[in-house]
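User: I'm new to this one. Can you walk me through it?

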Amino acid sequence: MLDDQPAGWVSLFDFNVRNRSAEFGYGIISPQRRKGIGKRMLACAFDLFFHKTELNKLHCQTASFNIASVRLLESLGLTRDAVLRAHHELDGKLHDDYIYSILKSEWSTR
């Protein structure tokens, strides 16, 4: 946070109770990017989600052209599980999307 303003957000959605999984999304406001805030923010969120809930898996989707997001997710130990081909339109061109995930056991041993 800067001057008591949020630096970003993390949300959980698409809960699957039977499989104990949920999708997460996140965003970091532009002036706060490239300062390590996103990594700290997601690490705190993963700690909370895995230790305070019964979730076993967190997953998310990001565009292949979003290199900062890809690097952030990989730096936190998430695995690229899938590629959604030509799934994301930007400026009239279709790009791939990537699905990333991390399991509770992977997070707790990192």
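Analyst: One term to begin with: buried means under 20% relative accessible area, exposed means over 50%, and partly exposed is in between, with a 1.4 Å probe and protein chains only. This is a predicted model, where local features need pLDDT of at least 70 and side-chain atom pairs count only at pLDDT 80 or more, while totals for chains, interfaces and linings use all residues. Residues are numbered from 1 along each chain as its sequence is written, and side-chain values use heavy atoms, with hydrogens and water left out.

User: OK. In what order do the strands of the open sheet come?

Analyst: The order is β1-β2-β3-β5-β4, five strands with mixed pairing. Strands here are DSSP runs of E, at least two residues, and helices are runs of H or I, at least four, numbered from the N terminus. Two strands pair if DSSP finds at least two bridges between them.

User: Which ones are the edge strands?

Analyst: β1 (8-16) and β4 (79-90), each of which pairs on one side only. Neighbouring strands of the sheet are turned by 25° against each other on average, direction ignored. Axes for such angles are lines fitted to C-alpha atoms, for helices over the stretch in contact, and angles run from 0 to 180 degrees between N-to-C directions.

User: How does β2 pair with β1, parallel or antiparallel?

Analyst: Antiparallel, through seven bridges. Val-10 stands opposite Tyr-26 of β2. The hairpin of these two strands has four residues between them, and Arg-20 takes a positive phi near 55° there.

User: And how many bridges to β3?

Analyst: Three bridges join β2 (residues 21-28) to β3 (residues 57-63), and these two run parallel. Ala-22 has Leu-58 as its bridge partner in β3, and Glu-23 stands opposite His-59.

User: Is β2 covered or open? How many of its residues are buried?

Analyst: Mostly covered: eight of its eight residues are buried. Ser-21, Glu-23, Gly-25 and Gly-27 point one way, and Ala-22, Phe-24, Tyr-26 and Ile-28 point the other.

User: What lies across the sheet strands?

Analyst: Helix α2 (residues 67-75) lies across β2, β3, β4 and β5 (93-103), and runs at about 160° to β3. Contact means heavy atoms within 4.5 Å.

User: Switching to aromatics. How many aromatic pairs are there?

Analyst: Four, from a search of the whole structure. Phe-24 and Phe-46 are edge-to-face, because their ring centres are 5.1 Å apart and their planes at 75°. Phe-24 is in β2 and Phe-46 in helix α1 (residues 37-52), 22 residues apart. The rule is that rings of Phe, Tyr and Trp (its six-membered ring) pair if their centres lie within 6.5 Å; planes under 30 degrees apart count as stacked, over 60 as edge-to-face and the rest as tilted.

User: Is Phe-46 buried or exposed?

Analyst: Buried, at 0% relative accessibility. Phe-46 also forms an edge-to-face pair with Trp-107, at 5.1 Å centre to centre and 85° between the planes. Trp-107 lies in helix α3 (residues 104-108), so this pair ties together parts 61 residues apart in sequence. Trp-107 is buried too, at 5%. Phe-24, Tyr-26, Phe-46 and Trp-107 form one aromatic cluster.

User: What about salt bridges, how many?

Analyst: One. Glu-74 forms it with Arg-80, with the closest N and O atoms 3.4 Å apart. A salt bridge is a side-chain nitrogen of Lys or Arg within 4 Å of a carboxyl oxygen of Asp or Glu. Glu-74 is partly exposed at 40% relative accessible area, and Arg-80 is partly exposed at 38%.

User: Where does Arg-80 lie relative to Tyr-98?

Analyst: Over the face of Tyr-98, at 3.7 Å from the ring centre. A charge sits over a ring if NZ of Lys or CZ of Arg is within 6 Å of the ring centre and within 35 degrees of the ring normal.
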